[in-house]
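Thanks, everyone. I have one structure to go through today, and I will keep it brief. Please have a look at it first.

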Amino acid sequence: MIVAGTLIEGLYRVDRLVGQGGFGSVYAGVQLAVDLPVAIKFLRIDPQLPADKRAEMLSHFVEEARILGRLRHDCVVRTIDQGILYDAALGATPYLVMEWGGDDTLRDLLESTRGRQLPLALAWPLFHGMVAGLAHAHSRAIARRGLKPSNVRLTRTSDGRVTPRIIDFGI
């Protein structure tokens, strides 16, 4: 497990764990040079896996970075950087640095309504933004399968509007 405060190549600082999945963990962090909030995704590769399976996982992870790097839309989180963190205890851990998509998810918002419908004034811009982000990806021959509320982060704009940010086009 990555420890809060870990520095990556002197460029990024890991601050806190925000999510874990079957293939890795995502942390909130900071791009130090410009004090920019970022998300840092670390790939977890089981060392017991055969070498060909480990190589395949790494290939998919690198491809995710390339895919996100090709997308330029306000409703899709972009790749900033990728690399490998070398740590004596953990060994070589591939990472992906992305724009910070916001603290909350669409899932959080839906759970907070306790079964009530979202007001149309809030629901429509979220729906429209997600469709626009997906249309942008599709126009570049990139499919996002299985979009779910936990993979849509929510960001507040300076004028108070909530904008959806699609994350995890992943493995």
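I start with Val30, which counts as buried because its relative accessible area is 9%, and the cut-off for buried is under 20%. Before going further: this is a predicted model. Val30 sits in strand S3, residues 24-31. Leaving out neighbours within four places in sequence, Val30 has contacts with Leu11, Tyr12, Arg13 and Asp15 on one stretch of numbering, and with Asp35, Leu36 and Val38 on another. For a sense of distance, take Glu64: Val30 and Glu64 are separated by 34 residues in sequence and by 21 Å in space, C-alpha to C-alpha.

Now the nonpolar cores. Which residues have the most contacts inside the largest nonpolar core? They are Leu68, Leu71, Leu96, Met98, Ile142 and Phe169, in a core of 20 residues. Two or more residues of this core come from each of strand S4 (36-43), helix H1 (51-70), strand S6 (91-99) and helix H3 (120-139). H1 supplies the largest share, 5 residues. Apart from this core there is another, of 11 residues, with Ile8, Val14, Tyr27 and Ile40 among them.

Next, the largest pocket, with a volume of about 970 Å³. Of its 36 lining residues, Val26, Lys41, Asn151, Ile167 and Asp168 are the closest to the centre. Strand S2 (12-20), S3, S4, H1 and S6 each give two or more residues to the lining. H1 gives the most, with 4 residues. What is the lining made of, by class? There are 13 nonpolar, 13 polar and 10 charged residues.

Last, Asn151, one of the residues closest to the pocket centre. Asn151 is placed in the loop between H3 and strand S8 (152-156). Is Asn151 buried or exposed? Its relative accessibility is 9%, so Asn151 counts as buried. Setting aside residues up to four places away in sequence, Asn151 touches Arg144, Arg165, Ile166, Ile167 and Asp168. Ile167 and Asp168 are also on the list of residues closest to the pocket centre.

That is what I have; I will take questions now.

Definitions and conventions: Residues numbered from 1 in each chain as written. Predicted model: local features only at pLDDT ≥ 70, side-chain atom pairs only at ≥ 80, totals over all residues. Heavy atoms only, no water. Core = buried A, V, L, I, M, F, W, Y, C linked by side-chain atoms within 4.5 Å. Buried < 20%, exposed > 50% of the residue type's maximum accessible area, 1.4 Å probe, protein only. Contact = heavy atoms within 4.5 Å. 1 Å grid on protein atoms, 1.4 Å probe; cavity = no way out; pocket = protein on both sides within 12 Å on 5 of 7 lines; lining within 4 Å. Points joined across faces, edges and corners; volume = space filled by probe spheres on them. Nonpolar A, V, L, I, M, F, W, Y, C, P; charged D, E, K, R; others polar.
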